[in-house]
Amino acid sequence: MVSISKRPVARSLFAAALLTASAGVLAQSARSPSAPPPAAPPASATQPPKAAPDMQKVLDALAGLGGKPIETLTPAQARMQPSAADGAKAAMVQQGMSTAPDASVTTQDVPYGSDAQQFARIYKPAAAPANGKPMPVVVYYHGGGWVIADVNTYDAAPRAMAKALNAIVVSVEYRHAPEFKFPAQHDDAAAAYRWTLQNAASWGGDPAKIAVAGESAGGNLAVATAIYARDNRLTLPRYIVSVYPIANSSMTLPSRKDSANAKPLNAAMLKWFGYYYQTSAAAQDPRLNLVAANLRGLPPTTIINAQIDPLRSDGETLAAAMRTAGVKVEQKTYLGVTHEFFGMAKVVRGAKDANELAVARLKAAFAGVPRR
């Protein structure tokens, strides 16, 4: 019988709760993880598209774990709720599959800062390259709306990447809101990237062959960190993989409406994350509202989205903004799947396909000539 960890689902997003240019001051929480939740937004009767059968099995398994609606809880309570990853594990158990981590990939937790949350989990494949050749490095940022979830919740994707790429994957933990509000998480993401460049060789990695990747809030951090590297003249990532990123502060994007009642991320949760994560002054900061950032000179990028997700339009509009800025970008929306699907490759076909796309693009980037 699998042990289902009471870790939070990475139901990320502050984005739909951001201010529009004409809006007033956005309410924000105290810095306490016990601060009560904001009032729920008006209900919507719109029903999201139907999930594919394998995706629906995961959603049903998650519902069976008895979690409470995140938007009704304090952050401290929300962090104890079953996650989408737990739902995937429960679905695996129902199908007679093992939920044990792939032992062919080892992990080590190493601090990059003084706070207990400032550490990275370093994934290394057991099959090291012949002749001691240094391995490529992927810096990976997890989701959770910058409020909930951690590297334990988001173990599946970095572990699979390390094995498939025969690369070192550095999964970054960062300080959470509301205890630490914006830009603490972006500062940590940048610090961890700089630290990885300085230390990759000691782990058997090649700091000249580095990429960034992330899911949801982490998908935002991957792009924002590439911008940081460009602006601070650090080694630029060879590639960006951004999975259902937070990227657009507009409250009227199509997916905000058609997926308002989606699971595991819905419209009511958007306001919840924003309330705890941001300060009113941060509403239109280009590190959060990536579509308004200077995107020129960024490395080639793949943006992966789920059809049944309030963040779908974020990825689509970010891809358009990148193209306008001259960045080589592809964006793919997978049908019949929801937010958080990327880490479910063992039980959701769409996730398997998305993982294979990401791995193929990263392999090609690592095999190519670095950009100057």
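Against which strands and helix do the buried residues of α4 pack? In this predicted model, in which local features need pLDDT of at least 70, side-chain atom pairs count only at pLDDT 80 or more, and totals for chains, interfaces and linings use all residues, the buried residues of α4 pack against β1 (105-111), β2 (119-125), β3 (135-141), β4 (168-172), β5 and α10 (349-367). Residues are numbered from 1 along each chain as its sequence is written, and side-chain values use heavy atoms, with hydrogens and water left out. Helices (H or I, at least four residues) and strands (E, at least two) are DSSP runs, numbered from the N terminus.

The predictor's confidence in each residue is given as pLDDT, on a scale from 0 to 100. The protein chain has a mean pLDDT of 91, and 91% of its residues reach 70 or more. Over residues 1-25, however, pLDDT stays under 50, and for this stretch the model has 107 contacts beyond four places in sequence, a contact being heavy atoms within 4.5 Å.

Helix α4 spans residues 156-165, and its buried residues are Ala 157, Pro 158, Arg 159, Met 161, Ala 162 and Leu 165, where buried means under 20% relative accessible area, exposed over 50% and partly exposed in between (1.4 Å probe, protein chains only). Ala 162 counts as buried because its relative accessibility is 0%. Beyond its neighbours within four places in sequence, Ala 162 is in contact with Val 105, Tyr 123, Pro 125, Ala 167 and Val 169. Just after α4, Asn 166 takes a positive phi of about 50°.

Arg 121, which has its place in strand β2, counts as buried because its relative accessibility is 13%. The Arg 121 side chain makes a polar contact with the side chain of Asn 152 at 2.8 Å; a polar contact is a pair of N or O atoms within 3.5 Å, of which, within protein, one must be able to donate a hydrogen and the other to accept it, and residues adjacent in sequence count only if both atoms are side-chain atoms. Not counting residues up to four places away in sequence, Arg 121 touches Thr 107, Gln 108, Asp 109, Val 151, Asn 152, Val 169, Val 170 and Ser 171.

Strand β6 (residues 240-243) is covered on both faces, with Ile 240 and Ser 242 buried on one side and Val 241 and Val 243 buried on the other. In a regular strand the side chains alternate between the two faces of the sheet. Strand β6 pairs in the parallel sense with β5 (residues 205-215) over four bridges, two strands being paired if DSSP finds at least two bridges between them, and Val 243 is the bridge partner of Glu 215. Strand β6 also pairs in the parallel sense with β7 (residues 301-308), over four bridges, and here Ser 242 has Ile 303 as its bridge partner. Together, β5, helix α6 (residues 217-231) and β6 make a right-handed β-α-β unit; a crossover is right-handed if, with the strands pointing away from the viewer, the path from the first strand over the helix to the second runs clockwise.

Helix α8 (residues 267-277) is largely enclosed by the rest of the structure, because nine of its 11 residues are buried. The buried residues of α8, among them Trp 272 and Phe 273, pack against α2 (75-78), α5 (184-199) and α7 (254-258). Asn 266 caps the N-terminal end of α8, with a side-chain oxygen 3.1 Å from the backbone nitrogen of Ala 268.
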